[in-house]
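Subject: Structure handover

Hello,

Here is the structure I promised to pass on. Please open it first, then read my notes below.

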Amino acid sequence: MRHRRLATIERSPGSRAWWVAAFAVLALIAGTCGARAAPAGAAAIPHLAACGPAIQLHVDGSPYLMLGGELTNSASSSPGYMDGVWARLRGMHLNTVLLPVSWQQIEPRRGAFDFSVLDDMVRSARAHHLHLVLLWFGSWKNSTSSYAPSWVKRDYRTFPRARLPSGEPTDILSALSAANVAADSAAFAALLAHVKRIDGVAHTILMVQVENEVGMLEASREHGAVADAAYAAQVPQTLMAYLATHRATLRPWLLGVWKQHGFREHGTWREVFGAADGGEIFTAWWDARYVNAVARAGKQAYDLPMYVNAALNRPGKRAGEFPSGGPVPRDIDIWKAAAPAIDFLSPDIYFYNFGHWLDPYHRPDNATFIPETRGVRSGRVAANAAYAFGEDLAMGFSPFAIDTLSEVAAYRDRIARVYGYLAALSREILAAQCAGTITGFHSVMTEPGYAFQSTGPYAGPVDLAPQVRVLGNYRFRIEFDRGDPHGTDADGQLAGGLLMETAPGTFIVAGSGVTLSFGSTAPDAGRTGIDMDWELLPAGNGWRHGRLLNGDDTVEGRVIRLPPGEWSAQEFSLYDYR
């Protein structure tokens, strides 16, 4: 286990005054980072709190395990569409819905705000006893600016676009434009001020995602007079100081790039990071500064936890072919240095090897949260959720397109069973996360390919090699059921689970398709047997004992088995004998 007012530049690029103004604006954006004092009464609103090796979300004074689902992009724009969805979401045992709020909808005219749709969503969530996480679709949504309002889109001289090396504009607002960051920040601050007015007591809204899958496409960095001048300037000392201070813990890719160019302590972006990678790191810095400014404006209105999600870098693709500069694993440290107003960074995982992509985000300075993952129709949802909560101490898990399950009973039942058990065990999971007495595991799909909403059977290799975990005084060997890796599920078989020690020698395991054998870690302990093994069933706000398992169910006291094809849980105690 691993247990943590900005002004628009409109002068001619040929004038000296334009260059002076340009760099003044860049300096002003860069200066938006800084320490932030907690507002009075901060403990009363949803907030993050460290507990042992975990960082957990606290709601109304108690830790909260988020069993979430993210809506499709346009679902929350229509109360009529959502009328038929809310009850089904609650029926799947969700406790939280991730819901987009679009800039183009709330500010159709500059300075004129309409929050009526959001108000309806909040009322409906409360009526169905659900919490919300707001997703701010502002300057970025999937690395483009399609959710900007018309008055921004059409006035491209005031609100400039990022440009390609050819000079051609993209549909991405420039991260180096003072006017862009000012307009987005003002809208976001108005949104958070409204949230405080309508929800400052009820706490229906728990967190806010700032932008969506930030990054640059078609090139590793934006070009044009302002961007080219900034790229030719010195790397900010704030970033160089961060790299020097955190050198021992930098992500391997970033450390390697810096090392390759001599661990320079100053220089231009190209000099410090090289021609091949300097553009991506430059983009990460300026995108993060921009988002930090937006987040700070929102936090000054209402200091909810805020995070940024990452569109992951596809294997074999270059920066720009994936969203360059987003908070992908290799750029996490750049974002940490540039955006202190962002509370944590999170991956959107649409690749098969879930744990490989999640693990880098489990670190002492970052809460673990999965805002998007494939799987609403996949047999992998259960295993991935268990892995996230157990191995990386996640505070929340959220498959994408949860509203599309409304008419598919079989898929709804699958989510309902998984979330039903996780809800029943949430107190134990949260306590074990704090104590560091929990782990997670899943069979590994080694195919690195992108798997967004695929519908055919999984055809890649599955690594079913046994895994070993140690909890308390016992070593567990975990074997995975082969199942049918080429079955009807898009992801094939679904072996995985979580294991936690709730008292010395007493454990709870939840999952599917796994078999646990065990032995004491003490050299002279003799042999280990099962004292008691109870089936666990959700009941009310917790769980109850079902069958007392023995005989064939435990191979005469030798193993703990969770059958494949379904989700289940057991509580068992071990003892040693000679």
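First, a definition: helices (H or I, at least four residues) and strands (E, at least two) are DSSP runs, numbered from the N terminus. Residues are numbered from 1 along each chain as its sequence is written, and side-chain values use heavy atoms, with hydrogens and water left out. This is a predicted model, in which local features need pLDDT of at least 70, side-chain atom pairs count only at pLDDT 80 or more, and totals for chains, interfaces and linings use all residues.

**Confidence**

pLDDT is the predictor's confidence in each residue, from 0 to 100. The protein chain has a mean pLDDT of 89. In this chain, 87% of the residues reach 70 or more. Residues 1–42 have a pLDDT below 50. Beyond near neighbours in sequence, that stretch has 86 contacts in the model. A contact means heavy atoms within 4.5 Å. Residues 450–458 also have a pLDDT below 50, with 31 contacts beyond near neighbours in sequence. Where pLDDT is low, predicted coordinates should not be read in detail.

**The chain as a whole**

The protein chain has 16 helices and 26 strands. Of its 578 residues, 58% are buried. Buried means under 20% relative accessible area, exposed means over 50%, and partly exposed is in between (1.4 Å probe, protein chains only).

**The largest pocket**

A pocket is found on a 1 Å grid over the protein atoms alone: it is an open set of points where a 1.4 Å probe fits, with protein on both sides within 12 Å along at least five of seven lines. Lining residues have an atom within 4 Å of a point. Grid points are joined across faces, edges and corners, and the volume is the space filled by probe spheres set on the points.

The largest pocket holds about 670 Å³ of space. Its lining has 24 residues. Arg90, Asn95, Ala423, Ser426 and Asn541 lie nearest the centre. Which elements each supply at least two lining residues? They are strand S3 (62–64), helix H15 (409–424), helix H16 (426–435) and strand S23 (527–539). H15 gives the most, with four residues.

The lining has twelve nonpolar, ten polar and two charged residues. Here Ala, Val, Leu, Ile, Met, Phe, Trp, Tyr, Cys and Pro count as nonpolar; Asp, Glu, Lys and Arg as charged; and the others, Gly among them, as polar.

**A buried alanine**

Look at Ala162, in strand S7 (residues 161–163). Is Ala162 buried or exposed? Ala162 counts as buried because its relative accessibility is 0%. Leaving out residues up to four places away in sequence, Ala162 touches several others, including Glu168, Pro169, Met216 and Glu222. His223 is 61 residues from Ala162 along the chain, yet their C-alpha atoms are separated by 6.8 Å.

**Positive phi angles**

Glu211 is not a glycine, but its phi is positive, about 70 degrees. Glu211 sits in strand S9 (residues 205–212) and is buried, at 0% relative accessible area. Glu213 also has a positive phi, near 50 degrees, and is a residue other than glycine. Glu213 lies in the loop between S9 and helix H8 (225–232). Glu213 is buried too, with a relative accessible area of 10%.

**An enclosed helix**

Finally, find helix H14 (residues 381–391). Eleven of its eleven residues are buried, so H14 is largely enclosed by the rest of the structure. Among them are Val381, Asn384, Tyr387 and Glu391. After H14 comes Leu393, with a positive phi near 55 degrees.

Best wishes
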